[in-house]
Amino acid sequence: MGILGLSKLVADIAPYAVKEGEIKNYFGRKIAIDASMCLYQFLIAVRSEGAQLTSVDGETTSHLMGTFYRTIRLIENGIKPVYVFDGKPPQMKSGELNKRKEKRDEAQKALDKATEAGDQADIDKFNRRLVKVTKQHAEDCKSLLTLMGVPFIEAPCEAEAQCAAMVKSGKVFGTATEDMDALTFGSSVLLRHMTFSEARKMPIQEFHLDKVLQGMDLTQKEFIDLCILLGCDYTDSIRGIGPKRAIDLIKQHKSIEEILKNIDTKKYVPPADWNFEGARQLFVEPEIMDPEKIDLKWSDPDEEGLVKYLCGDKQFNEERIRNGAKKLLKARGVTTQGRLDGFFTVLGTTPAKRKAENKKNTPNKRGKVGTGRGRGRAK
């Protein structure tokens, strides 16, 4: 779910915190990708087109097709992706997971009725609501990524939290996900639509946390409380308090505790046993793997291994898989060049510095000049 209404709130209040661009703009960047979100996109996109891709025994392979071709697309554009998989969900998320199960049960009943009635539109609609990323889907993709030479990480808990920690540590440039809670976990850069298919042709949205906070005039702590008020995965929110009211209250009172002291709780009734403190703590100190201990390595693809894994029972076309492996290998040579700004830093030149540089480059009494080297320096 992420954070309800946050993207629209940012667009309304701090539009300059978001910029749109093309995938090629991220050449040379290391990007942490929310793997579960990607797999969900792949599964639902193919199902929306009429049917899932399956192996000879009827097992879904849409997630493998999506991972294979989208990853090739990223690498061909010079991006160095690292996929981050969810670990065990925190106990506080159990309520949200139960709600999702109830909705799937309702969708299954509705699907059965639509099937009996032969209503294809409803069949497609409720089929999409039944899409769920399973542990097996994740394991399948880990095997595929290994053969593709692309690193992945198994987070101890929430993938978005692990991605955010890697961004904050400088291990990667940004978090690629559709869930806005990556910002709540502190990811300084959030990239939406990065793993969408070419067919959707949506520009990549780049959110900058510092500009979001500046535009909303909030600290990170206040921003976390705002996200809890808007609605997150860990606890219910106060009914009747929408996004605009929520940010006004946070700006005025600075914390949920103070808000509860100053609102009419008979009109705006907080959830029973509302554990907003626990939710806040999960955002402030999530369970993560130390980014400094993570060693990211990209390697050449195993063409024969890919053919063996994807062709045969999984029914992928061998020629296409071999072509894909060759594209990966070719793109690897381009990606290793890195970004120009990874090698050089452009330094500003103040009048004082310019005067010093001119002095260095002015011949002295012996006819020699200084050793000024201009405005760029190697990192």
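1. D248 is partly exposed, with a relative accessible area of 37%, in what is a predicted model. Its side chain meets that of K244 in a salt bridge, at 3.5 Å from N to O. K244 is exposed, at 61% relative accessible area. D248 and K244 are 4 residues apart in helix α11 (residues 243–253), a separation of about one helical turn. Elsewhere, salt bridges with shared partners join E303, E304, E318, R322 and K326 into one network. The whole structure contains 16 salt bridges.

2. A further salt bridge links E139 and K142, whose closest N and O atoms are 3.1 Å apart. Both residues belong to helix α6 (residues 135–148) and lie 3 residues apart, about one turn of the helix. E139 is partly exposed, with a relative accessible area of 33%, while K142 is buried, at 9%. K142 also lies over the face of F85, at 5.1 Å from the ring centre.

3. E178 and R192 form a salt bridge through their side chains (3.8 Å, N to O). E178 is in the loop between β5 (174–176) and α8 (181–184), and R192 is in strand β6 (residues 189–192), so the pair ties together parts that are 14 residues apart in sequence. E178 is buried, with a relative accessibility of 14%; R192 is buried as well, at 15%.

4. As to aromatic residues, the structure holds 6 aromatic pairs. The ring centres of F68 and Y69 are 5.0 Å apart and the planes stand at 75°, so this pair is edge-to-face. F68 counts as buried because its relative accessibility is 0%, whereas Y69 is partly exposed, at 28%.

5. F85 and F152 also form an edge-to-face pair, with 5.9 Å from centre to centre and 85° between the planes. F85 lies in strand β3 (residues 80–85) and F152 in strand β4 (residues 152–154); the pair therefore ties together parts that are 67 residues apart in sequence. F85 is buried, with a relative accessible area of 3%, and F152 is partly exposed, at 26%.

6. Two other aromatic arrangements deserve mention. Ring pairs link F185, Y234 and F283 into a cluster. R29 lies over the face of F173, at 4.1 Å from the ring centre.

7. R280 is located in helix α13 (residues 276–284). With a relative accessibility of 13%, R280 counts as buried. Its side chain makes a polar contact with the side chain of E257, at 2.8 Å. Leaving aside residues up to four places away in sequence, R280 touches I224, D225, I228, I256 and E257.

Note on methods:
Residues numbered from 1 in each chain as written. Predicted model: local features only at pLDDT ≥ 70, side-chain atom pairs only at ≥ 80, totals over all residues. Heavy atoms only, no water. Phe/Tyr/Trp six-rings, centres within 6.5 Å; stacked < 30°, edge-to-face > 60°. Buried < 20%, exposed > 50% of the residue type's maximum accessible area, 1.4 Å probe, protein only. Helix = DSSP H or I, 4+ residues; strand = E, 2+ residues; numbered from the N terminus. Lys NZ or Arg CZ within 6 Å of the ring centre and 35° of its normal. Polar contact = N/O pair within 3.5 Å; in protein donor to acceptor, adjacent residues only side chain to side chain. Contact = heavy atoms within 4.5 Å. Salt bridge = Lys/Arg side-chain N within 4 Å of Asp/Glu carboxyl O.
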